[in-house]
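Thanks for coming, everyone. I'll take one model and walk through its helices, loops and salt bridges.

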Amino acid sequence: MAADTLKATSEPATETRIPRGFQDADEVLPQYHIEAQTSLVERPLRSLKYGEAFAVLDSYGDIGVLPGPEGLYFQDTRYLSRLHVTIEDQRPLLLSSVMQDDNGALSVDMTTPDIRIDAHDETTIPRELIAIERTKFLFKGACYDRIGLRNYDSRHWHLKVAVTFDADFRDLFEVRGMDRPVRGKRSVQVASESEVQFRYAGLDEVVRTTSLHFGPTPKQIEPGRAEFVVSLPPGGRASLFLRAVFESHRAFTSAPAAERVGEDAAAGLSRAAGSSAAPRHPKGLAEGVIFARAYRDSRRDLRQLTAGITTIISSNDQFNEAACRATADLYMLASRTPEGIYPFAGIPWYSTVFGRDGIITAMMALWIDPNFGKGVLRYLASTQAQAVDPAADAQPGKVLHETRRGEMAMLGEVPFRHYYGTIDGTPLFVMLAWEYYAVTGDLETISGIWPALELALTWMDEYGDRDGDGFVEYARDTDKGLENQGWKDSHDSIFHTDGNLAKGPIALCEVQGYVYAAKNGAAKLASLLGHDTLAQRLGEEAQTLRDNFDKAFWCEAIGTYALALDGEKRQCAVRSSNAGHALFTGIARQERAASVAANLLSKDGFNGWGVRTIARGEARYNPMSYHNGSIWPHDNALIALGLARYNLKPEASRIFEGMFDTALYQDQKRLPELFCGFMRRHQRGPVSYPVACSPQAWAAAAPFAFLAACLGLEIDHDRNRVRFRNPTLPPFLDGVSIFNLKIGTSRVDLRLQRYGEDVTVNVLRRTGDAQISLLK
C-alpha cells in the first residue's frame with residue numbers, strides 16, 4: 001500500500017517515548033500517524049470504489065453502527081458517516097455478505113429476527129420468514145442501495161423499515177485521528193418529501209453536499225431518519241431504494257455544482273474522468289428505474305475497463321480464487337484520468353494517487369495489463385515538479401509522492417495537497433519507462449514523456465545526490481514533511497545496529513538499485529531515440545554506481561547489504577528486506593546473491609509466511625510494527641523477482657508458497673497491505689496488522705509478480721519473443737494456463753505443466769508471429 005509515516009504505528013496515539021538507550025530519548029510519534037483505538041480486522045469490512053469515491057461498509061452494508069473508519073468518501077472527505085437500516089427497530093439477521101467476483105457490487109442476504117409487532121397483543125413474526133436482499137454499488141458520483149424484501153409466510157405483514165443517516169464531512173485525516181480546533185459550518189434540511197440534503201461550507205471556501213434520495217416516498221422523513229411501511233402479502237415482494245449523491249463546488253463563485261474540488265491547472269493535475277458527477281435524471285423518474293440503469297451502466301463500464309486483459313487459470317481452485325480477487329481489486333482501485341488509468345494506493349487510508357505505489361503496482365502488472373504502466377507514466381509526467389518548493393519537498397524533475405484533495409490539504413493543515421517527499425519515486429518512474437517499453441514497444445508514449453524522463457535523470461544527479469558522492473540521499477526540506485522518504489517511511493525505520501536512529505542525509509540501499517536500473521533503462525531508451533552520447537554516459541554512470549554501491553553497502557559482518565548509509569556515510573548494518581531489492585534491480589554482484597538470499601530466507605528473516613521487513617534480533621525488531629518486523633506482500637514480490645533474476649528459483653518459490661498460504665487465511669483470499677511478522681505456528685494463520693489497508697494496489701498486483709518470478713517470464717517486444725527462463729512451479733501448482741498474453745500484435749494462450757522438478761510449455765493458441773521459447 002502506500003507507505004508513509006502518516007500510516008499506522010503499533011504504538012498508542014498519545015505521546016510515546018523510545019526505550020532508554022536509543023538516540024533522541026525524548027522522541028515522540030510523528031504528527032500524522034493513524035490512531036488505532038479500533039482495528040480494521042475486528043469485524044469484516046466491505047469496500048466499494050469508483051473513481052475518486054469509495055465506501056467502507058460493515059457486513060450488512062451499513063455505515064457507522066460501531067465506531068471506525070466506515071463511511072462514504074470522496075476526495076478525502078467523508079460524505080456519509082451513518083447509514084443504518086432496521087426493521088421494526090431491530091437489526092436484521094445476517095445470512096451472507098459477499099463482494100461480487102469483480103468487486104462491482106456488494107450483495108448481502110439477511111432475514112428478520114423474531115419480531116414483536118405489538119407489545120399489547122404479543123403479535124410476533126417468527127424469525128426467518130422475511131428474506132432481505134441488499135445490493136450496493138458506487139457509480140459516477142452516487143452510491144446506490146436497493147433493499148429487497150420477500151415474504152415467505154402465509155400471512156400478510158405490514159413492516160416498518162427505517163433508515164437512519166448522517167453526514168459529518170470529516171476530513172480523512174480527522175477520521176485517522178487528527179484533531180481540528182476549527183471546522184466549517186454544517187447544516188441539514190428536508191429538501192422534499194423524498195430527499196434530505198446535508199451541506200458543509202468548509203474553511204477552504206468549498207461547499208460539499210450529500211443528497212439522500214428515497215424511493216418510494218417514505219411515510220415519514222426528517223433530517224436524520226426516513227421511515228417506510230412495507231406491505232407484504234403471502235409470497236409478496238417489495239423494494240426500497242436509496243441514492244446518496246455527493247457533490248462539491250466553490251462557494252461565492254458561479255462554478256457549476258458538479259465542479260470538483262482540487263483542480264489545479266498550475267500544478268498540472270487533471271480531474272479524473274471516472275469521478276464525474278452523477279447523471280441528472282428527469283423529474284419524477286422512479287428511483288427503481290434510476291437504480292437499474294446505473295447498475296447496467298456500471299457493469300458495462302467495468303467490462304470495458306477489463307476488456308482484453310491477460311487472465312490465468314491454474315490447477316488449484318483456491319489460487320484461482322485468489323488471482324480472481326487480486327484482478328478485481330486492481331481494477332476496483334483503478335481510476336480513470338485524462339492520462340490513462342491509475343491504481344489508487346489502497347482503502348481506506350490511501351485511496352488517492354501515490355507515485356511510488358502506482359509505479360510498483362504497474363511494474364508487477366505489466367504482463368497482465370500494460371495500460372497501468374502507460375497511465376502511471378503519463379500521469380506522473382504531467383504532475384512532475386517544475387520548481388523548488390521546500391514546503392512540498394519539491395525540486396525540478398521530482399516525481400509526485402501523493403496528492404490529497406480534502407479540506408485539510410487545501411488549507412495546508414497537512415502538507416499533502418501536492419507532496420513530493422519521496423526519494424525513490426523519481427528513479428522508479430524512469431525504471432518503469434524502460435520496463436513498459438520492453439513489454440509494449442510503445443515508443444510514442446516514451447517520446448511523449450521523454451522530457452520528463454530527462455528532467456528526472458537530472459534531478460537524480462543534481463538534487464538527489466545532495467553531497468556529490470554518487471549516491472542518492474534524502475533529507476526533508478520542511479518539518480511538516482516525512483522524516484523518512486523511502487518506502488519504509490515510518491519515523492523509526494532507518495537505524496543503526498544499536499537502535500539509534502540514523503541522521504541524514506540518508507542513502508537507502510534499495511534506492512541506489514533503483515537509480516542503477518533507471519540509468520541502465522534510460523540508456524537503452526536514449527539509444528532508441530537517437531541520443532547516443534547520453535546513452536553512453538548513462539550506461540557508464542550505472543556501472544560506476546554498481547561498483548561503488550558494493551564497496552559502500554556490502555557488510556561482511558551481517559552477510560548482506562546494509563540497510564542505508566547515514567549522513568556521515570556510516571553503514572546502518574541492519575539485516576533488512578531492503579537488500580532483496582538490490583537483487584530485484586540487478587545492482588547486486590553475482591557473487592553476493594546467494595548470501596543475500598540465505599539472509600532473507602533464514603529463520604530470522606523468513607517467518608514461514610514471508611520475509612520480514614527487519615530481521616528478528618535487530619535492535620528495533622518488532623513483529624507488530626509497521627516497518628520494523630512486519631511482512632508486506634509487495635516487498636516479498638519484488639524480492640521474489642530479484643531471486644529469480646539471479647536464478648534462485650527454489651527460494652522464490654518458497655516465498656510464493658508462503659504468500660499463497662497467507663491468502664488462504666484472509667477474508668476473500670485477499671492479500672492485505674501487510675501483516676505481523678510473528679513466526680508461523682502449526683494450525684494457525686498469520687497475525688493480522690490492526691489498521692492495514694485492504695484492498696491495497698501493490699498487494700493486489702503481488703500474485704502476478706510471484707507467478708512471473710517462478711516462471712521466469714520475460715516479454716521482449718523488440719525481439720518479438722516471450723521467454724520462460726528456467727521455469728518452476730511451487731508445490732501447490734501442478735499447472736498454469738495463461739490466456740491472451742500480448743506481445744505486439746500477437747496474442748498467445750499457453751499451458752505450463754509441472755512434471756516433478758521440470759516445467760514444460762505448450763502453445764494452445766497463437767495469433768501473429770510471436771516466438772515462444774523455453775530456456776533452461
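Start with helix H15, which has a kink of about 30 degrees centred on Pro703. The bend at a residue is the angle between axes fitted to the seven residues ending there and the seven starting there. Before going on, two notes on the source. This is a predicted model, in which local features need pLDDT of at least 70 and side-chain atom pairs count only at pLDDT 80 or more, while totals for chains, interfaces and linings use all residues. Residues are numbered from 1 along each chain as its sequence is written, and side-chain values use heavy atoms, with hydrogens and water left out.

Back to H15. The helix covers residues 697–711, 15 residues in total. From first C-alpha to last, H15 reaches 22 Å, close to the 21 Å expected at 1.5 Å a residue. That expected span is 1.5 Å times one less than the number of residues. Helices (H or I, at least four residues) and strands (E, at least two) are DSSP runs, numbered from the N terminus. Buried means under 20% relative accessible area, exposed means over 50%, and partly exposed is in between, with a 1.4 Å probe and protein chains only. After H15 comes Gly712, with a positive phi near 60 degrees.

Lys669 is not a glycine, yet its phi is positive, about 55 degrees. Is Lys669 buried or exposed? Lys669 counts as buried, because its relative accessibility is 19%. Its side chain meets that of Glu321 in a salt bridge, 3.3 Å from N to O. This pair links distant parts of the chain, 348 residues apart, with Glu321 in helix H3 (residues 317–333). A salt bridge here is a side-chain nitrogen of Lys or Arg within 4 Å of a carboxyl oxygen of Asp or Glu. Glu321 has 44% relative accessibility, so it counts as partly exposed.

More on salt bridges. How many does the structure hold? The count is 52. Asp467 and Lys569 form one of them, with their closest N and O atoms 2.8 Å apart. Asp467 lies in the loop between H8 and E24, and Lys569 in the loop between strand E27 (564–565) and strand E28 (571–572), so this pair ties together parts 102 residues apart in sequence. Asp467 is partly exposed at 41% relative accessible area. Lys569 is also partly exposed, at 29%. Then there is a network: Asp58, Asp62, Arg91, Arg134, Lys136 and Asp145 are joined by salt bridges that share partners. Another pair is Arg170 and Asp168, at 3.9 Å, N to O. Arg170 is partly exposed at 29%, whereas Asp168 is buried at 16%.

Stay with the loop between helix H8 (443–464) and strand E24 (507–508), where Thr478 is found. Thr478 is buried, with a relative accessible area of 13%. What does Thr478 contact, leaving aside neighbours within four places in sequence? Pro390, Ala391 and Asp393. Contact means heavy atoms within 4.5 Å. Pro505 is in the loop between H8 and E24 too. A cis peptide bond joins Gly504 to Pro505, with omega about 0 degrees. A cis bond also joins Ile347 and Pro348, with omega about 10 degrees.

Next, Leu411. Leu411 lies in helix H6 (residues 407–411) and is partly exposed at 36%. With Val182 and Leu203, Leu411 makes a nonpolar surface patch of about 230 Å². Patches are made of residues with over 30% relative accessible area and no salt bridge; like charges are joined within 9 Å, nonpolar side chains (Val, Leu, Ile, Met, Phe, Trp, Tyr) within 5 Å. Areas come from the Shrake-Rupley method with a 1.4 Å probe, and for residues only the protein chains shown count as cover. Leu411 is also among the contacts of Asp204, along with Arg250, Glu407 and Met410, leaving aside neighbours within four places in sequence. Asp204 is buried at 9%.

Last one: Asp76, in the loop between strand E3 (71–74) and strand E4 (77–80). Asp76 has a positive phi of about 65 degrees, although it is not a glycine. Asp76 counts as buried, at 6% relative accessibility.
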